[in-house]
Amino acid sequence: MTTPTWGEPTGPLTSAEFRAAAQAIMANIEQVIEGKSATVRLALAVLLAEGHLLIEDVPGVGKTKLAKALARSIDCSVRRIQFTPDLLPSDVTGVSVYNQETRDFEFKPGAVFANLVVGDEINRASPKTQSALLECMEERQVTVDGTTYELQAPFMVVATQNPIEMEGTYPLPEAQRDRFTARIAMGYPDPRAELAMLSGHGDHDPLNDLHAVADAALVRRLIETARAVHAADAVQQYAIALVTATREAPEIRLGASPRSTLQLLRTAKAVAALEGRDYVLPDDLQALAVPVLAHRLIPTPDAQLNRRTTDTIVSEIVHRLPIPHATRNPYDTRDGRAPYESRGR
Amino acid sequence: MTGRRRLGLVAAAATLLASAPLATIFDSWTWLLQVLLTVVMIAGAAVLTRTLRFPSWAQALGMVAALVVTLTWIFPSGHELLVPTPATLAHFGELIQQAGNDTRSYAVPVPDRDGLLFIAVLGIGVVAIVVDLLTAVFRRPALSGLPMLAIYSIPVAIYLDSVPVTPFVVGACGYLWLLVADNVDRVRRFGRRFTGDGRDVDVWEPSPLAAAGRRLGVAGVLVAVLLPLVVPTVTGGLLSQLTQSGSGVGSGLGKGGNGKINLFASLSGQLAQNTTVNLLKVTTTEKDPFYLRFGVADQLTAEGFGNQPPAGNTLDAGSLPDPRRESSTAGSTFQQYHAEIEVTDALRQSLAPLYANPVGIRDLTGNWAYDPNQQVLYSNRTTTSKQKYSVDYLRPQYTPAELRTAPELDRDDPIRRAFTVVPDNDYVDRQVARITQGVATDYDKVRAIYDSFSRKYGFSYSQQTQSTGNFSEIEAFLKNKVGYCQQYAAAMAWMVRAAGIPARVAFGFTRGTMEDGSTYVITNRNAHAWTEVYLKGFGWVPFDATPSAGVAGAARSDWAPDVDRTAEPSAAPTTAPLPGSSASAAAGQNQRPDRANDGGAAATTVGAGTDQDNWTGLLIFGVIATLIALLLVPALRRVLLRRQRHTATAGVAEPSEPGPAGAVTGLMVTGETARAREDAHAAWDELIDTMVDYQITVDPTETPRLTAQRLIRETVLSAEPAAAVELLGTAEERARYAREPMRGVELTSALRQVRGGLSHSATVRARVRAVLFPPSILLGWRLALSEAGTRTMEAAGRLRENLARFNPRRLLTRTR
């Protein structure tokens, strides 16, 4: 999958190098997106976890700006697709056209052939077009006319979308939602950040001043470093417990997939690495549970009627689930079984 | 009607039922009417105040007012008009005093005496108020069982014998009714009743779901009633009542005993008992010992003979007088003997049986004191139960001729002044004057009175008469001439006093049945009372006027021969029981007229009873120490646990510290890693326990990091403990989730700092609690206990299920 160029330095970075590189990227992005360091950090973590990012929010809060800032900070190939209702799958994947000179079909790569693909307003395209992303997002390859084309590494799709209540949107298919590692919301900036934005953006677009602070090779090494982060057995069990809990929750019709378990742990590793740790904490998993799991779940009609969002359901699960203990907590009556379970029939 | 008011009425009814035991105390049913009126008044006051929605204290006040008004109605002083006045209160005081006297002078069942009725009504009224408050105001009806039990304890305390079961059953029914009413009320307030079959049922209709509860209740009452009947004599000794504040009827009603013992009542109780119980075993070197004595009644008032609490020094050097060196007993000669006394657990009293004139007492456990005037050995705390002790005593020897030399006491002699006090009674005075007419010496006067109690003058023995040494009864006895030892002894003492000679009534045991050579077995049948007369130069000389045929193990002396055997100075055996005597006389005992005697007061220093004090002290100390130790067990367990963990964490600092971080990681021995990990876990567990001790919530869904942050935030820790908490959190976090745990950090001191910080910010109460009753330990035990209980229940459930499924037929088909 990864095809490093010869002569490129490989191997994991030291902790200091990793931090320096990661800080540089984050500082760079924060020049454009102000007061959203947690969101920026999460976006970077998704990149380092080799995942894809879905930014969902109301129009005008800087979704696209975040995606573009991330793309600009890394010196790699960036393509942008504006999803429109009439966009076709071939626009995304590429198409074989007949070359008059060679008298043969020639593959014209689509927009996904890049390190970073920014899919704007992804839910405005029809499900048919969106489906074209399924293969490339998971398998990092594109198959057109029987020929499979590998994508470059790193490969990351950063999609933005409006909430589905907005006009002219289609809901993303479950399969595609599951392929996005994390869904984040931008949220409105606080007044100070907004003021800074006004003074900063007044005369020019700071996005234009942005320079790349990393290249694809560095990102690959960053990814490699993040992968090496240690996740103890207890932490892995906790990840499984969290995901299992979403499958068993009575308010959820469709729980999280095994793929989500993997991505949860991977993202947690990236977050841990960004915080300068070489081990994952349950805290990381708790912080990531909502962005990583919530958008994959389908609530039951009852829960929907009660206006229960999957976000609240997942955060309740996080607050309910006991964390893994190396030693058994003597006061924890909850592990094993609920205290009320034993009280007869 | 609201549930609260209904509960109040049920409480009143239950109080009435619980007052049933009074029926065993009073002769007639007057008390019931008065109690009924009082309880109804109190209940009415309660309902009224509740209807008017008075606050709780006003309800209580209203009930108290109702009680006072009712008492005023029933026991008026004659000066008031429905409302109590100071005169009324003074009258109440008189009534209480009168009740105190009545308790001493009347045996149960008592007649309708105003004082006793007043006490009874007052007591039941107070109980009614307490029960009402507990039930309707505080909603703790279970506690109202205590005052109800207090009522029942009155007959238990008074009757030396067993107490009838019926009053208890009635009272228990009232109590259960109260509990049921309260429970029904609770269920009703909860909402609609669920009966299991989906029907909407009335509140008072029994629920099938409660069947198990009803069965349990019935079984409980049955067990409570039947168990005491099955278990053989739990209390054992009937004299045991002697040691319990025995001033009679009023004791249960809060009158309280003043340490006085009604010797007459206890004696009659003992003799009236149906069974024979072994009380003592005595081995003495004396050939024909006189009676063992333990008590004296030396106060004769209008109410009759009464005893006063003995006063004397504890048994140690100098407390036992030697009569040989005492001037008051100079006229007699003494012979020293030695006796071993072994008391069974049936005799449980605070007065120890002794032979007269002890000069040495040994091996008696507990703190005992000797009253040289009464010649009584007593204790305020210990009893004679299961005691085994030895006595060295002097037996005075005198003949009638010697006694005749005793001069008359001066009129101003303190002894004569103290022990010749008699109430005015013409009949007795006339009798005495007639009997002692023309008799010169004191001894002859006493003999004349003594002889007058013979069959010749129409006296006969019968236990059928009840006696409390009462004044009017003594007079009645002198007229009826039928009675038993108490009346004989009291009547003779009175008459001797009337003749101007000091006299008193002594209580004790007759000689008993001889077992082998020198050992006597003494039972409750041997309980006895006789007269002691003070003769100058000889001290207190015993005279037993009771016909020896009526008393098992009676003894006679030269100076007081058996009057029914007439004339003969040395008494002949009495074999034929007198008509009407109910006690079976042990024939062998009557044969020996005894020269035994009671001397006067005397003094010798004998070092006896040294270790007993230490033993009691040790015992009390041991009990208190055990209690304290038991209370301290949780704290101790906590300290031990902490120490254990500290020793674990203290070792952390010792292993060689890895130099540059990460460089040595590969070389670390895994044993050390595991060790460091364990240490961090121990430190964290200790921190969690400390948090529980200081009642800070422990959330199992929190990570160590979050817990540490919350702890700092919630308890407002200062910088140092906060840093320590963070260190502990990080150490635990790394121990759990990182490849390499933290090493070389001082977790013990960090723990200490956190503990100090928590204790600093906690309240005093929380601090004391954390040290003395650490919740971490208690909670841990409670959880373990409930878990064990759950497991047992589950096991029992499985067993029951298996048993239900068990089908013997299946076994048959299988074998076929």
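In which sense do strand β1 and β9 of chain A pair, and over how many bridges? Strand β1 (residues 53-56) of chain A and β9(A) pair in the parallel sense over four bridges; two strands count as paired if DSSP finds at least two bridges between them. Helices (H or I, at least four residues) and strands (E, at least two) are DSSP runs, numbered from the N terminus. The model is a predicted one, in which local features need pLDDT of at least 70 and side-chain atom pairs count only at pLDDT 80 or more, while totals for chains, interfaces and linings use all residues. Residues are numbered from 1 along each chain as its sequence is written, and chains are lettered from A and ligands numbered from 1 in the order in which they are written.

Strand β9(A) covers residues 156-161, and six of its six residues are buried. A residue is buried if 20 or more other C-beta atoms lie within 10 Å of its own, exposed if 12 or fewer, and partly exposed in between, with C-beta atoms placed from the backbone. Both faces of β9(A) are covered, with M156(A), V158(A) and T160(A) on one side and V157(A), A159(A) and Q161(A) on the other.

Chain A has 13 helices and 13 strands, and 42% of its 345 residues count as buried. V158(A), together with A43(A) and L48(A), has the most contacts inside the largest nonpolar core, which has 95 residues. Such a core is a set of buried Ala, Val, Leu, Ile, Met, Phe, Trp, Tyr and Cys residues joined through C-beta atoms within 7 Å. Leaving aside neighbours within four places in sequence, A43(A) is in contact (C-beta atoms, placed from the backbone, within 7 Å) with L53(A), L66(A), L70(A) and I184(A). Another core, of 93 residues, lies apart from that one and includes L354(B), L377(B), L535(B) and F543(B).

Between the chains, 24 residues of chain A are in contact with 21 residues of chain B. On the side of chain A that touches chain B, two or more residues each come from α9 (233-248), α11 (282-293) and α13 (310-320) of chain A.

In chain B, an open sheet of four strands has the order β2-β14-β17-β18, with antiparallel pairing. Strands β2 (292-297) and β18 (539-543) of chain B are at the edges with a single partner strand each, so one side of each has no neighbour in the sheet. β2(B) pairs with strand β14 (residues 503-509) of chain B over five bridges in the antiparallel sense, and L292(B) is opposite F509(B).

Helix α1 (residues 3-18) of chain B contains T15(B). T15(B) is buried, because 31 other C-beta atoms lie within 10 Å. Leaving aside neighbours within four places in sequence, T15(B) is in contact with V39(B), I124(B), V127(B), A128(B) and V131(B). T15(B) and I129(B) are 114 residues apart in sequence, and their C-alpha atoms are 9.3 Å apart in space.

Helix α23(B) is hardly covered, with three buried residues among its 31; these are P775(B), S776(B) and I777(B).

Note on methods. Contact = placed C-beta atoms within 7 Å.
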